[in-house]
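Subject: Structure for your review

Hello,

Here is the structure for you to look over. My notes on it follow below.

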Amino acid sequence: MITHYDIKRQFLVRQADLQNVDDLNLATVHSIYLDPEKLDGLDLFLPLDGEDVDSSAVEIKVSSVTTKDNDVSYWAISSLGNDPGRAIAATQVNREVFEKVKSSFGVKELKKSRFSFPYLRKHFDLDVVNGGDTLLLNISLGTENELFAIPPFVNIIKEVTGDIQFSDYYLSENLKENT
């Protein structure tokens with residue numbers, strides 16, 4: 001079982017010119033958000049790093065990630081602490097776990113296109129939500145104070161790290177279209 005922990009920073013993007021980006025990868029992300037009030041029995045399906053899922057987490061979701069080559073991976077993701085999306089724990093799971101949790105505990109869904117690329121030895125994800133109306137740039141860091149640079153081909157409006165209006169759960173509830 002693969003588990004990793006990240007500190008996530010997130011930015012609202014005006015536009016991004018990805019035409020000349022090397023090593024650009026496209027994936028479709030389908031996330032199912034769980035109702036934090038109805039998690040009894042969830043630990044039977046989603047052990048995170050050998051421990052039960054923390055029911056006090058801000059967001060708990062299962063996601064499938066499908067690459068352009070139709071490779072699919074499944075993940076259980078929990079936002080830790082009081083800051084949605086800031087510190088996350090992700091554990092790779094199998095399809096059966098994804099489907100069982102989706103049917104038993106799922107409440108909201110969010111589908112988005114994700115463009116992943118490296119820049120100055122960092123990994124960035126540009127999520128396209130709501131038919132392109134919302135663009136969010138994400139970078140996962142190892143520590144809170146880790147230095148990074150925003151790629152010059154991405155026009156940032158503002159940082160939205162920790163802003164509940166840009167959490168995936170909020171987007172799943174409030175966007176008119178989930179693609």
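Read from the N terminus, the order of elements is β-β-β-β-β-α-β-β-β-β-α. That comes to two helices and nine strands. Please keep in mind that this is a predicted model.

Some totals for the protein. Of its 179 residues, 44% are buried. Among contacts with a separation of 6 or more, 68% are between residues 24 or more positions apart.

Next, the nonpolar cores. The largest one has 13 residues, and Val13, Phe117, Leu126 and Leu137 have the most contacts inside it. At least two residues of this core come from each of three strands: E1 (3-16), E7 (122-129) and E8 (134-141). The strand that gives the most is E8, with four residues. As general background, nonpolar side chains in soluble globular proteins tend to be buried together.

Beyond four places in sequence, Leu137 touches Arg9, Gln10, Phe11, Val13, Phe117, Phe124, Asp125, Leu126, Ile150, Pro151, Val154 and Ile156. Two of the names in that list, Asp125 and Arg9, are charged residue types, and Arg9 gets its own paragraph.Arg9 sits in strand E1. Is Arg9 buried or exposed? Its relative accessible area is 17%, and the cut-off for buried is under 20%, so Arg9 counts as buried. The side chain of Arg9 makes a polar contact with the side chain of Glu159, at 2.6 Å. Arg9 is also one of the residues that Leu137 touches.

Asp22 lies in the loop between E1 and strand E2 (25-34). With a relative accessible area of 60%, Asp22 is above the 50% cut-off and is therefore exposed. Which residues does Asp22 contact, leaving aside neighbours within four places in sequence? They are Phe117 and Pro118. Asp22 and Pro118 are 96 residues apart along the chain, while their C-alpha atoms are separated by 8.0 Å. Phe117, the other contact of Asp22, is among the residues with the most contacts inside the largest core.

Regards

How values were computed: Residues are numbered from 1 along each chain as its sequence is written. This is a predicted model: local features need pLDDT of at least 70, side-chain atom pairs count only at pLDDT 80 or more; totals for chains, interfaces and linings use all residues. Side-chain values use heavy atoms; hydrogens and water are left out. A nonpolar core is a set of buried Ala, Val, Leu, Ile, Met, Phe, Trp, Tyr and Cys residues joined through side-chain atoms within 4.5 Å. Buried means under 20% relative accessible area, exposed over 50%, partly exposed in between (1.4 Å probe, protein chains only). Contact means heavy atoms within 4.5 Å. A polar contact is a pair of N or O atoms within 3.5 Å; within protein, one must be able to donate a hydrogen and the other to accept it, and residues adjacent in sequence count only if both atoms are side-chain atoms.
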